[in-house]
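Please keep the sequence and the model in view while reading.

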Amino acid sequence: MSEPLPVSLTRTVDLAGLGGFARALVTALREQPGVEVLAALRAGVHATCPQCQFRLFGEDVLALAASEAPAPETSPKLHRLAGGYCARQGCESRFYEFTFDPVPGVDWAGLLADLEAAAGEVTAASEVTPEAAAAAARRRSRRRVALGLAVVGVLLVVRHILSGGAIPWIREPRRFTADPATMPQLGRTNTEAPPALTATNRPRTFRAAPPGPGR
Ligand SMILES: [Zn+2]
């Protein structure tokens, strides 16, 4: 019989992403064979602010796609839109309702699906990356804490051994019998003659003081 009547499509567009949306839309239209971009935008695209009913037309979309951020004196409307605000001064709306009317040769449904898939990929990538980065940072910080604890543990064991202590369950406390002839004599090192003044830079040998009775 007859083909189903083409229907208009609507999309809600966040004003914060309006410039990117306009650029993606214009780029996608340029890739449609036999389609004149400005004509297709004029015939098929308009948007309305749900709060103040401001109307945005196809040529505005093309202008938004063409310029990053127009100066306020060049176009206050485009300047506000590029900044993520409704074109009407004082309107607090953060999104526009876009309508895509049928245009011969333009598959709005397929085109918008591609735009949304691309936008979804961008969103997904930006959602995954900070999480992965945070997880990696948590893993790194856990590794650093574990390494720090291991170092502290080793240092404590070394200090324990150096101070003559035994490590429970690892090393049996050992008893030494010292030969009195080889025992250092208390005070002996302090009774040696001080080094000659001319020899102050000579390498010196230090000996550990004998352990006190309390250790
Ligand atoms: Zn508005």
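Two strands are said to pair if DSSP finds at least two bridges between them, and helices (H or I, at least four residues) and strands (E, at least two) are themselves DSSP runs, numbered from the N terminus. By these criteria 4 strands form an open sheet in the order β1-β4-β2-β3, with antiparallel pairing. The strands β1 and β3 stand at the edges, each with a single partner strand, so one side of each is left without a neighbour in the sheet. From one strand to the next the twist averages 25 degrees.

The model is predicted: local features need pLDDT of at least 70 and side-chain atom pairs count only at pLDDT 80 or more, whereas totals for chains, interfaces and linings use all residues. Residues are numbered from 1 along each chain as its sequence is written.

**Overall layout**

The chain has 6 helices and 4 strands, and from the N terminus on its elements run β-α-α-β-β-α-α-β-α-α. A residue counts as buried if 20 or more other C-beta atoms lie within 10 Å of its own, as exposed if 12 or fewer do, and as partly exposed in between, with C-beta atoms placed from the backbone. Buried residues make up 13% of the 215 residues in the chain. Two residues are in contact if their C-beta atoms, placed from the backbone, lie within 7 Å; among contacts between residues at least 6 apart in sequence, 67% join residues at least 24 apart.

**The nonpolar core**

A nonpolar core is a set of buried Ala, Val, Leu, Ile, Met, Phe, Trp, Tyr and Cys residues joined through C-beta atoms within 7 Å. The largest one has 25 residues, and those with the most contacts inside it are Leu-18, Ala-22, Leu-25, Val-61, Leu-64 and Leu-81.

| Element | Residues |
|---|---|
| α1 | 18-30 |
| α2 | 37-44 |
| β2 | 45-48 |
| α3 | 58-66 |
| α4 | 76-82 |
| β4 | 95-100 |

Of these, α1 gives the most to this core, with 6 residues. Leaving aside residues up to four places away in sequence, Leu-64 touches Leu-18, Gly-19, Ala-22, Leu-78, Leu-81 and Ala-82.

**Helix α3 and its partners**

Axes are lines fitted to C-alpha atoms, for helices over the stretch in contact, and angles run from 0 to 180 degrees between N-to-C directions. The helices α1 and α3 pack at an angle of about 105 degrees, with their axes 8 Å apart. That makes α1 roughly perpendicular to α3 (65 to 115 degrees). At this contact Leu-18, Gly-19, Ala-22, Arg-23, Leu-25 and Val-26 in α1 meet Val-61, Leu-62, Leu-64 and Ala-65 in α3. Helix α3 also lies across β2 and β3, running at about 70 degrees to β3. These two strands pair in the antiparallel sense over 3 bridges, and Ala-47 stands opposite Leu-56 in β3.

**Two individual residues**

Gln-53 lies in the loop between β2 and β3 (55-57), where its phi is near 65 degrees, a positive value in a residue other than glycine. Gln-53 is exposed, with 10 other C-beta atoms within 10 Å.

Asp-14 is found in strand β1 (residues 9-14) and is partly exposed, with 13 other C-beta atoms within 10 Å. Apart from residues up to four places away in sequence, Asp-14 touches Arg-94 and Phe-95. Asp-14 and Tyr-85 are 71 residues apart in sequence and 9.6 Å apart in space, C-alpha to C-alpha.

Conventions. Parallel < 35°, antiparallel > 145°, perpendicular 65-115°, else oblique.
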